[in-house]
Amino acid sequence: MPDTAGASLRRDDRSRGGAPRSRPSGRDGPLYGALDLGTNNCRLLIARPSREGFRVVDSFSRIVRLGEGLSRTGRLDPAAMDRAYEALAQCAERLARRGLTGARISAVATQACRAADNGTAFIERVRKGTGLNLRVIDPKEEARLAVQGCLNLFDPRTEAVLVIDVGGGSTEMSWLKREGGGFRTVAWMSAPLGVVTLAERHPEPDPSGPDWYEAMVADMAAAVRAGGIDDADMRGLFDDGRAHLVGTSGAITSLAGIHLGLRRYQRDLVDGLWMTSGQCRDAADRLMALGPKGRAAEPCIGPDRADLVLAGAAILEAVQRLWPCERVRVADRGLREGLLLQRMKQDRRPKRRRRRGGGSRQADGAGAPET
């Protein structure tokens with residue numbers, strides 16, 4: 001999931017959303033677009049439905065740091081808004097070239113626009129200038145969409161899953177328990193710390209060391225304790241080794257790339273990778289030893305993420321200490337995939353049939369397990 005500035009659009013005929021890869025069917029379905037403007041990144045997926053979920057046609061990802069300085073000022077910085085606007089304008093152009101308009105575009109904004117005093121004004125500027133109607137979603141919906149995008153990475157043999165979606169300005173966590181043929185969300189929380197906000201609260205000293213890293217871990221742990229859950233049954237499943245974590249974020253996929261020693265980022269090797277808690281810590285130790293310049297030179301990190309990746313590792317470390325679990329599954333997917341699956345599912349629902357004499361009823365159909 002690491003983002004590359006500049007020409008980051010790519011052709012990708014692989015299935016996403018956790019679907020097994022297969023050859024496309026003979027009939028092409030309509031295109032859909034999902035855009036996620038976060039505190040750190042602007043991301044777009046364009047895809048069409050397939051039997052397994054959907055197939056990506058184009059993707060765009062750029063680090064814009066919209067929330068830079070927000071934790072200090074309470075406002076979006078003009079330069080940050082200009083960076084985000086430029087990326088959004090490119091997204092709008094790509095969508096227009098594909099003939100995508102209206103209901104088949106799901107465009108959302110998250111923590112930075114939620115928290116900023118001038119977030120609404122920026123959303124209106126984007127609407128007038130690009131035609132994109134960004135909808136600011138609340139943390140609960142953000143957590144739900146991240147879960148939806150990662151569902152097919154859940155181990156079918158496990159009894160419980162904790163999904164960690166590390167953003168730039170917040171971290172959403174969802175606890176799910178097996179129920180029947182699927183999983184049900186039993187609790188969720190949003191911690192007001194992400195990689196940008198945590199890094200700004202704990203600037204990296206020169207030289208850096210374990211005390212600096214541990215301060216970030218402790219800060220995140222306090223935030224999780226303040227808003228976390230008290231569920232004895234869930235805790236028992238973790239203690240018995242019948243649960244695992246799913247981590248979705250650029251920081252976590254970067255840890256995976258470091259663990260694998262990749263010379264370039266390869267999504268097909270990272271997405272769905274199982275890592276142990278020890279391997280996660282070893283990757284974080286290696287990143288700390290590299291220092292800022294060494295991290296910037298790593299192909300799976302780069303200069304735009306070099307000052308943020310250890311904040312992401314600290315967030316994951318804090319969660320792992322509070323909810324000890326040996327297995328972590330890395331997800332190069334999340335909110336955008338959840339948006340696409342949600343919209344496609346809505347369009348597949350049978351239309352309401354009007355009864356004689358007024359009223360309507362929903363056509364029969366099996367419901368999906370609650371997530």
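Analyst: **Charged pairs and a strand**

R242 has a relative accessible area of 40%, so it counts as partly exposed. Keep in mind that this is a predicted model. The salt-bridge partner of R242 is D240, with 3.3 Å between the closest N and O atoms. D240 itself comes out as exposed, because its relative accessibility is 53%. Across the whole structure, the search turns up 22 salt bridges.

Another pair is R157 with D155, where the closest N and O atoms sit 3.1 Å apart. The two ends are quite a contrast: R157 is exposed at 69%, while D155 is buried at 5%. Then there's E124 with R127, whose closest N and O atoms are 2.5 Å apart. Both belong to helix α4 (residues 119–130) and are three residues apart, about one turn of the helix. E124 is partly exposed at 30%, and R127 is partly exposed too, at 37%.

For the strand, I'd pick β8, residues 160–166. Seven of its seven residues are buried, so β8 is largely enclosed by the rest of the structure. A160, L162, I164 and V166 point one way, and V161, V163 and D165 point the other. β8 pairs antiparallel with β9 (residues 171–179) over seven bridges, with D165 partnered by E172, and a four-residue hairpin links the two strands. β8 also runs parallel to β11 (residues 243–248), joined by six bridges, and there A160 stands opposite A243.

Note on methods: Residues numbered from 1 in each chain as written. Predicted model: local features only at pLDDT ≥ 70, side-chain atom pairs only at ≥ 80, totals over all residues. Heavy atoms only, no water. Buried < 20%, exposed > 50% of the residue type's maximum accessible area, 1.4 Å probe, protein only. Pairing = 2+ DSSP bridges. Salt bridge = Lys/Arg side-chain N within 4 Å of Asp/Glu carboxyl O.
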